[in-house]
Amino acid sequence: MTIKEASQVTGVWAAPVQITAPAETIVASQLDNRWDKKFPVNANVKQQKITFHNRFGITLVADMYVPKNMHKGSKLPAIAMAGPYGAVKEQVSGRYAQELASRGFVTIAFDPSFTGESAGLPRNTTSPDINTEDFLAAVDYLSNNELVDADKIGILGICGWGGFALNAGAQDPRIKGIVASTMYDMSHVIENGYFDEGKDPEVLKKARMAARKQIAAQRSLDYKNGYYAMAGGVPLQVTEKDPQFVRDYHSYYQTERGHHERSFGSTTGATLSSVLNFMNAPINMFIDEIEAPVLLIHGEKAHSRYFSEAAYKKLKGDNKELLIVPGAVHTDLYDKMDVIPFDKIEDFFKKSLR
């Protein structure tokens with residue numbers, strides 16, 4: 001039943017009112033603009049920090065990248081991007097954003113709510129609802145930017161943010177093209193752990209309940225203590241006994257290659273209490289209703305490949321594509337410019353945002 005239909009039944013409804021949008025709490029011009037990114041400057045692209053707000057009143061900080069040869073007064077297709085889960089814009093999403101700007105798009109790479117330079121307390125909190133909203137808020141911003149053709153906006157998510165990108169695409173028809181690179185479904189992995197295919201559902205159910213009890217008890221302690229327990233970031237040290245994908249994460253997040261002090265993947269991890277949200281509020285329930293084109297990209301040897309394959313099976317129609325990159329592991333698609341299929345991504349967005 002719609003609101004209009006309900007009003008015809010009851011006959012009495014309050015008059016509609018307007019709620020003022022929240023004031024942004026961060027001024028972009030006052031932020032540090034030193035280049036502290038994990039990738040080199042592209043001389044063909046202009047970069048500047050911008051801010052926007054989501055519907056929860058949180059101010060987000062992003063880097064905007066614009067091709068230097070953009071003609072004054074023109075409007076270009078735009079792409080908002082974020083990820084990986086636990087990363088900041090100076091790591092992976094900014095690399096993607098700068099490269100795609102050099103290929104003719106206006107792009108933004110943003111720090112999610114509660115992380116990086118973006119606002120929100122407690123720090124390093126994550127949420128399936130709020131993180132999906134961050135993508136929609138980025139679309140709000142781009143659709144009102146004078147450099148952007150508001151009818152030509154896409155999104156790109158990396159790792160856990162690939163899952164959030166699909167979730168956002170299922171909610172918002174303004175999004176005309178979606179790329180998920182080396183995606184995780186964070187709800188799925190938190191609900192069931194890794195590699196759950198074929199596992200006894202009752203065993204998984206008991207594991208979830210044990211986790212709920214542990215984290216619920218921790219919430220009580222957090223409130224009593226006045227600070228939040230953290231889940232822990234990528235290990236500082238690894239050995240040959242650790243799974244290869246853990247060693248791959250270490251080689252990115254805990255070395256000069258990708259370490260960044262504002263990344264919770266490199267430092268504290270997310271607040272432990274965040275886990276409950278994902279366990280009980282699964283994302284991507286309605287991705288079979290996405291009408292915009294979708295490109296899923298994954299490495300052939302990535303431990304996480306099954307997330308993209310599962311999403312691909314759930315997507316309907318002829319608007320989907322799964323690209324498997326030969327020989328690539330999960331983190332190869334973070335920063336290896338000779339592995340990330342930028343030509344394919346460029347072609348996808350030029351077709352879907354035309």
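The legends below describe close-up views of a predicted model. Residues are numbered from 1 along each chain as its sequence is written, and side-chain values rest on heavy atoms, with hydrogens and water left out. Because the model is predicted, local features need pLDDT of at least 70 and side-chain atom pairs count only at pLDDT 80 or more, whereas totals for chains, interfaces and linings use all residues.

View 1. Eight strands form an open, mixed sheet in the order E1-E2-E4-E3-E5-E6-E7-E8, where strands (E, at least two residues) and helices (H or I, at least four) are DSSP runs numbered from the N terminus and two strands pair if DSSP finds at least two bridges between them. E1 and strand E8 (320–325) stand at the edges with a single partner strand each, so one side of each is left without a neighbour in the sheet. Neighbouring strands of this sheet are turned by 20 degrees against each other on average, direction ignored.

View 2. Strand E1 (residues 45–53) pairs with strand E2 (residues 59–67) in the antiparallel sense over nine bridges, and Lys49 stands opposite Asp63 in E2. Five residues lie between the two strands of this hairpin, and Gly57 in the turn has a positive phi of about 85 degrees. E2 and E4 also run antiparallel, joined by four bridges, and the bridge partner of Ala62 in E4 is Phe110.

**View 3. Helix H3.** Of the 16 residues of H3, 13 are buried (under 20% relative accessible area, with a 1.4 Å probe and protein chains only), so this helix is largely enclosed by the rest of the structure. The end C-alpha atoms of H3 (residues 128–143) are 23 Å apart, which agrees with the 22 Å that its 16 residues should span at 1.5 Å a residue, the expected span being 1.5 Å times one less than the number of residues.

**View 4. The surroundings of Phe105.** Phe105 lies in the loop between helix H2 (93–101) and strand E4 (106–110), and at 1% relative accessibility it counts as buried. Among the residues that Phe105 touches, not counting those up to four places away in sequence, are Tyr65, Leu100, Glu346 and Phe349, contact meaning heavy atoms within 4.5 Å. Phe105 and Tyr65 are 40 residues apart in sequence and 8.3 Å apart in space, C-alpha to C-alpha.

**View 5. The contact of H2 with H11.** Tyr96, Glu99 and Leu100 in H2 meet Phe342, Ile345 and Glu346 in H11.

Conventions
Buried means under 20% relative accessible area, exposed over 50%, partly exposed in between (1.4 Å probe, protein chains only). Axes are lines fitted to C-alpha atoms, for helices over the stretch in contact, and angles run from 0 to 180 degrees between N-to-C directions.
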